[in-house]
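Hello,

Here is the structure I promised to pass on.

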Amino acid sequence: MSAVLTAPLADTDPAAAAPFIEKRPLATYAAPAQPSLVGMTRAALADALGEIGVPERQRRMRVQQIWHWLYVRGAQDFDAMTTLAKDLRAALARRFTLARLEIAAEQISVDGTRKWLIRLPGEFDGMPHEVECVYIPEADRGTLCVSSQVGCTLNCTFCHTGTQRLVRNLTAGEIAAQVVLARDRLGDWQRGTNASGEPEKRLVSNIVMMGMGEPLYNFEAVRDGLAVVADGDGLSISKRRITLSTSGVVPNIARAGAEIGSMLAVSLHAVTDELRDQLVPLNRKYPLRKLLDACRSYPGVSNARRITFEYVMLKGVNDSLVDAKALVRLLKGIPAKINLIPFNPWPGTKYECSDWEQIEKFSEIVFDAGYSSPVRTPRGRDILAACGQLKSATEKLSVRERLALRAMAMTD
Ligand code: SAH
Ligand code: SF4
């Protein structure tokens, strides 16, 4: 199996790339003894250098050098950092590592979609936690779906993550390190040039904070982790290609605009407070009017920088044509994109996904109101979703999951 684990994406021909999963038993888990520099912010790196006695006046320059090795070159070994003096490399290696997040399992689908189950150290009892990260390649982009928390404190009734109690927040380093992990596994560090001498496109070009957790309830870590991801001298994924999805933590929306500056997606899912109170219980605290006001004043929002409204299609619950018309009315005046997400059922859920015909009729109303291709799925297919229950489904990604993940990856 390990041969498959290391297969680069380019080699995945449909016959060879049988979806697989290799899950390491928890018994093999050992929490890292030394801290890793991978995922660290500039400030954390400067502190790390301070710990090993690098004088303050040198730290900025050293951080810049190490930054390049970590986030442009993807160095896996301190010895590769040839712009650093040998002594410094040795001092770093004594105290720190360049360890990546531990991959407990990896799946590769025939179309190149990859899903990693990541094992993270526990906080108190030493027992590890698991979150997922998914890569979705498309013709014009490659989107990485990143997690921000283990579990979630909010209990959206249609979301499987909501049934798991929050175990812990991810650190900024663990958020940024998901991108490093994807670049490693995809061979996506320094790219060659194409026939016309232009640099080849990155495989991971877009990020969506749509994995496990509510990013705006782990604000500082998400902000700092995304600053590492967006840093132009490093991983260099521009903020316009990063989308943060929130269930509607209103006080942190303006703050996200000011301090993170990414694109915003809002999990709307209902057009009345009565229904949204049931589906997204956070609505009782921050009702629709307040949420939409926060969207209207989201810094930088414009027709070129629209807010994505996610709307999960639940049969007989929120999918009537009256709902569709109300949705269009509700969003009037807000530069918006609408992303209809086919519901992805999970064991024990009381909801079903809307029928495809109903999704089509619903999307036609949305389309006629001027919103283009709200469901990015082939016509006539029975399609369902994936995020929000990433961790639970470790068998192969179904076609439905893949299609729905793509629908969620709608960022530009
Ligand atoms: N907590 C954030 C981001 C993670 S969830 C949020 O709620 O926005 C990412 C998206 O997947 C959200 O729009 C969420 O509502 C949706 N989602 C969750 N469970 C789902 C399911 N079973 N089927 C379809 N979409 C789901
Ligand atoms: Fe949490 Fe988002 Fe799931 Fe709601 S939809 S429970 S906010 S992860």
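Below are some notes on the ligand site and the salt bridges.

This is a predicted model, in which local features need pLDDT of at least 70 and side-chain atom pairs count only at pLDDT 80 or more, while totals for chains, interfaces and linings use all residues. Residues are numbered from 1 along each chain as its sequence is written, chains are lettered from A and ligands numbered from 1 in the order in which they are written, and side-chain values use heavy atoms, without hydrogens and water.

First, the ligand. Ligand 1 is surrounded by 23 residues (a heavy atom within 4 Å), and G213, S245, S267, H269 and N344 are the closest. Polar contacts (N or O pairs within 3.5 Å) include one of 2.6 Å between the side chain of S267 and a ligand oxygen. A polar backbone atom of N344 lies 2.9 Å from a nitrogen of ligand 1.

Now the salt bridges (Lys or Arg side-chain nitrogen within 4 Å of an Asp or Glu carboxyl oxygen): there are 21. One of them pairs R95 with E51 at 2.6 Å, N to O. E106 has R114 as a partner at 3.6 Å, and E106 also forms a salt bridge with R185 at 2.9 Å. Both R114 and E106 are buried (under 20% relative accessible area, 1.4 Å probe, protein chains only), each at 0%. R185 is buried too, at 18%. Another network joins E220, R223, D224, R255 and E259 through shared partners.

Best wishes

How values were computed
Polar contact = N/O pair within 3.5 Å; in protein donor to acceptor, adjacent residues only side chain to side chain. Buried < 20%, exposed > 50% of the residue type's maximum accessible area, 1.4 Å probe, protein only.
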